[in-house]
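I opened this model to look up a few side chains and aromatic rings. Here are my notes, in the order I took them.

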Amino acid sequence: MSHLDTQRGLNTMVSYDETVIREEVRVIGALARGLYEFLDGLSHEQLATQSACDAWSIRDVAGHLTNRAERQIVSMTRGRNGDSAPPAGFIAPSNNMAMSAANADADIEYSRSLGDALIPTFAENYRELHRLLDSFSGDDWRCNCWHPRRGTMTGREYVSQRIQELAVHDWDIRSGLDSDAALHPDAVPVLLGMSTNWLRSAYNPGSQPPAVEVKYRFALSDAGAMDVLVAPDGARAGVALHDDSIDATVECDANTYLLLAYGRLDLESAIASGRIRAPGAGDLLNKFVAWMVGF
């Protein structure tokens with residue numbers, strides 16, 4: 001399973017309702033505190049354990065999250081002051097794959113540079129980020145902030161991005177030591193909304209795109225249903241996207257659907273354990289996993 005830059009799944013239809021934003025800020029705090037407590041209890045040997053991201057140890061993933069919080073603090077602070085330009089000396093890599101590789105290398109180096117101070121720095125960066133988010137209100141959320149891949153995103157979008165990064169990488173870290181690890185329940189509703197854009201951006205059929213449209217319905221036992229349409233020229237997802245003509249119905253819970261959508265689930269094991277039930281849809285489900293690999 002490759003490392004994926006999770007900011008690609010941002011929902012472009014974000015809500016600027018202050019109550020919604022405050023709830024998401026609360027979720028960021030819950031995720032950060034829970035992950036800090038988990039990381040702080042690990043030995044050096046456990047921190048060196050392989051995470052669910054290829055070539056990334058648990059420590060590397062923690063370094064990524066710590067570094068990204070620091071970058072978000074700087075970007076949102078500058079953005080509120082009217083500065084959304086790239087930092088001095090920033091040179092954008094030639095393509096998304098090159099950017100992902102450069103980001104991964106930088107995060108690993110950042111983690112190593114902190115040594116034993118990594119986990120305390122994680123805690124301090126997220127405390128500082130939470131203080132910053134608490135100071136935003138009203139039109140502050142609409143300010144444009146620099147982002148290396150997108151150019152700019154609003155302060156509001158950065159909130160959703162932080163939930164996505166924390167929640168998915170929290171699972172990456174915990175699953176390296178606990179085979180029963182699940183996504184944080186407070187993050188699941190937010191991720192369900194964001195997964196519609198994530199699937200669109202993760203679609204990468206390679207040399208074997210579908211010849212015709214394929215309609216999937218994920219019947220979620222705890223969250224209604226999510227439809228996914230995969231076509232030769234792209235993919236999209238949404239609620240009640242299809243009529244009654246469904247090519248493959250997949251039964252699972254929201255947590256399992258999200259892990260599948262984010263490329264974090266071994267399909268064969270999930271079917272064998274009963275987490276996923278898809279009678280007669282085996283080949284189409286295998287194709288779904290193959291097509292949704294991101295970059």
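I began with charges over rings: Arg142 lies over the face of Tyr16, at 4.0 Å from the ring centre. My rule for this was NZ of Lys or CZ of Arg within 6 Å of the ring centre and within 35 degrees of the ring normal. I then found the charged end of Arg174 over the ring of Phe38, 4.6 Å from its centre.

A note on the source: this is a predicted model, where local features need pLDDT of at least 70 and side-chain atom pairs count only at pLDDT 80 or more, while totals for chains, interfaces and linings use all residues. Residues are numbered from 1 along each chain as its sequence is written, and side-chain values use heavy atoms, with hydrogens and water left out.

Next I turned to ring pairs. I recorded each pair by the distance of the centres and the angle of the planes. Rings of Phe, Tyr and Trp (its six-membered ring) pair if their centres lie within 6.5 Å; planes under 30 degrees apart are stacked, over 60 edge-to-face, and the rest tilted. I got 6 aromatic pairs by this rule.

I took helices (H or I, at least four residues) and strands (E, at least two) as DSSP runs, numbered from the N terminus.

Phe218 also forms a tilted pair with Phe288, at 5.3 Å centre to centre and 55° between the planes. Phe288 belongs to helix α10 (residues 282-291), so here the parts tied together are 70 residues apart in sequence.

My last stop was Asp227, in strand β4 (residues 224-231). Asp227 counts as buried because its relative accessibility is 1%. What does its side chain reach at 2.9 Å? I found the backbone nitrogen of Leu241 there. Contacts (heavy atoms within 4.5 Å) of Asp227 include Tyr216, Arg236 and His242.

Notes: Buried < 20%, exposed > 50% of the residue type's maximum accessible area, 1.4 Å probe, protein only. Polar contact = N/O pair within 3.5 Å; in protein donor to acceptor, adjacent residues only side chain to side chain. Lists of a residue's contacts leave out its neighbours within four places in sequence.
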